[in-house]
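Please go through the structure below.

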Amino acid sequence: MKHLKTVAYILFILVITSCTDTLMGDEGKLDEDIYLNYQTVTDLELPFEDEWFVVNGGKTHFEGAHHFTSRGGGERYAIDFLIVQDTILPDGTVRKKNYSGDWRQNENHFCFGKPLNTPGDGKVIEVVNTIDDNQVGTTNNDQPGGNYIIIDHLNGETSILAHLKKGSIIVSQGDTVVKGQELGRAGNSGSSDRPHLHYQLEGTSGQLRGLGLPAQFLNYYEDDIIVERGEPVRGQEVRKN
Amino acid sequence: MTKIILSLIFLLSISNVFAQADSIPKKNSLEFSTGYTNGYLKNLSFAPVARYDYSGLNYQLKYNRTTKRDKLFEVQLDYLNTELETNIIPEPNPQYSKIVLNISSLKQLYNKERLKIQLGLQTQTNVSSFYDWKQYDFQQKLGIAGRFTFQIDDKQSLSSKLTIPLVMWRTSTFEENFYSIGKYKSILWTTEYKYALSKNLDVEANYSFNYDRLQISNAFRELQHQINLGINYKF
């Protein structure tokens, strides 16, 4: 009788567990695999000169912030970069600030107008270059990307650089670009409330089509430490080697 | 002293209620239950995790009213505050809480001997919070519901309620959309056992099974088992 109860209990647990697995399904296994194992195919380098600061980037809800909960838009692993400088405040403390003077002026933000380069070889497949830059603190959600460039790396991956300065993009749809080639200038267009660069890597074919992918850059400095291959994370200062 | 006086007034009012004519069936009931929830969540908009597990204590408050025409009106409020667990993402477990409000109106279809069957409509408002409301998921559902009640004897009864939501409107941090039965599948099944302690008080044990599934590219699925113990006051 005692054994019968044990067997019944084990059977009950097995039924509940197998039902749970069936009802919860397999969707998301691909997402888990991308999260844990994806290796960027393109030889990527940081798309700028100078040292930039990672505002949003990384693979947790805290690091990736709003991008991490945007699977559908391909933004899950997107990175926001801007430039900061150590600034001495009136009380004597030193703080990293992304502007000097009146914060409402785009031109007072250190990254505004800085040149941006193609992070990897490929072909330009889409360009928007006519969207006005926003006043700092406001956003244009009707045209979320603002002025942007999409580069097809012709290997199943595309790079998207968004929120560029109006009229600054110097490449056209159909152009072939090589790593490091200047594309345009950082701006504050689209759903951007302050000048910054939004970068995302996206899949273009098969199951990965339209999904955001982790972008591993080669040969750069993270907080003055050389990294052969890595993913920039929120709070780091990064620059090309 | 104040506490003692208040307690005496409470006891007197209770005994007064008990002294009322026993033959009049009670039309209202108020119930408080608490129990344990064991659940699973897949929300690919929220995170690249095929299945989060969660568990924790839940609280339930329910009000029932039977009208003169034997319509059953039920309002049920559930609250759960817990954490989502996974070993995929190396971060502290996200806080997850749920407030669920069910309102149903059921018409009596059959009432013979010891079996009663009621059928009607039910709405469910489901509000989930991630990270203390930094992200949210609001779901409004509407569907059909049926309740079967079997009176075992004078003191004991068994009841089972099945709800099948047919449409859902969802607005959240992740998306805003309207879904119907093609992409949306859901079931809520509750079964309960009641034991009458007196004319005014019942104790109850219930089990609930809730399953929600959205067949979209940012898949959403949630499965929940809940066991509750409660006390029911009829008036």
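Buried residues account for 46% of the 235 residues in chain B. The model is predicted. Chain B has 1 helix and 11 strands. From the N terminus, the order is α-β-β-β-β-β-β-β-β-β-β-β. Of the contacts in chain B between residues at least 6 apart in sequence, 58% join residues at least 24 apart.

**A buried threonine in chain B**

B:Thr37 sits in strand E1 (residues 28-43) of chain B. B:Thr37 counts as buried because its relative accessibility is 0%. Its side chain makes a polar contact of 2.7 Å with the side chain of B:Asn58. Beyond four places in sequence, B:Thr37 touches residues including B:Tyr54, B:Leu80 and B:His225.

**The contact between chains**

Chain A brings 26 residues to the contact and chain B brings 27 residues. Together the two chains bury about 2200 Å², with 59% of it on carbon and sulfur atoms. A:Met24, A:Glu27 and A:His61 supply 31% of the area that chain A buries against chain B, more than any other three residues.

There are 2 salt bridges between chain A and chain B. A:Asp21 and B:Arg51 meet in a salt bridge through their side chains, at 2.8 Å from N to O. The interface also shows 13 residue pairs in polar contact. Helix H1 (2-24), helix H2 (29-37) and helix H3 (61-64) of chain A each give at least two residues to the side that touches chain B. H1(A) provides the largest share, 6 residues. By class, this side of chain A has 8 nonpolar, 9 polar and 9 charged residues.

**Nonpolar cores**

The largest nonpolar core has 59 residues, and A:Trp52 and A:Phe81 touch the most other members. Elements of both chains give two or more residues to this core, among them H2 and strand E1 (52-56) of chain A and strand E2 (52-66) of chain B. E1(A) gives the most, with 4 residues. Which residues does A:Trp52 contact, leaving aside its neighbours within four places in sequence? They include A:Phe81, A:Cys111, A:Leu116, A:Leu197 and A:Val238. A second, separate core of 5 residues includes A:Met24, B:Tyr40, B:Tyr211 and B:Leu223.

**Salt bridges within chains**

Over all chains, the structure holds 23 salt bridges. Side chains of opposite charge can pair when their charged atoms come close.

| Pair | N to O distance |
|---|---|
| A:Glu49 and A:Lys240 | 3.1 Å |
| A:Asp86 and A:Lys96 | 3.1 Å |
| B:Asp137 and B:Arg170 | 2.8 Å |

A:Glu49 forms a salt bridge with A:Lys240. A:Glu49 lies in the loop between H2 and E1 of chain A and A:Lys240 in strand E15 (residues 237-240), so the pair ties together parts 191 residues apart in sequence. A:Glu49 counts as partly exposed, at 40% relative accessibility.

A:Asp86 forms a salt bridge with A:Lys96. A:Asp86 is in strand E3 (residues 85-88) of chain A and A:Lys96 in strand E4 (residues 94-97), so this pair ties together parts 10 residues apart in sequence. A:Asp86 is exposed at 54% relative accessibility, and A:Lys96 is partly exposed at 40%.

B:Asp137 and B:Arg170 meet through their side chains. B:Asp137 lies in strand E6 (residues 135-151) of chain B and B:Arg170 in strand E7 (residues 156-172), so the pair ties together parts 33 residues apart in sequence. Buried or exposed, what is B:Asp137? B:Asp137 counts as buried, at 2% relative accessibility. B:Arg170 is buried at 1%. Salt bridges that share partners also join B:Lys62, B:Glu74, B:Arg147, B:Lys161 and B:Glu192 into one network.

Note on methods. Residues are numbered from 1 along each chain as its sequence is written. Chains are lettered from A and ligands numbered from 1 in the order in which they are written. This is a predicted model: local features need pLDDT of at least 70, side-chain atom pairs count only at pLDDT 80 or more; totals for chains, interfaces and linings use all residues. Side-chain values use heavy atoms; hydrogens and water are left out. Contact means heavy atoms within 4.5 Å. Buried area is the accessible area (1.4 Å probe) that two parts lose on being put together, summed over both. A salt bridge is a side-chain nitrogen of Lys or Arg within 4 Å of a carboxyl oxygen of Asp or Glu. A polar contact is a pair of N or O atoms within 3.5 Å; within protein, one must be able to donate a hydrogen and the other to accept it, and residues adjacent in sequence count only if both atoms are side-chain atoms. Ala, Val, Leu, Ile, Met, Phe, Trp, Tyr, Cys and Pro count as nonpolar, Asp, Glu, Lys and Arg as charged, and the others, Gly among them, as polar. A nonpolar core is a set of buried Ala, Val, Leu, Ile, Met, Phe, Trp, Tyr and Cys residues joined through side-chain atoms within 4.5 Å. Buried means under 20% relative accessible area, exposed over 50%, partly exposed in between (1.4 Å probe, protein chains only).
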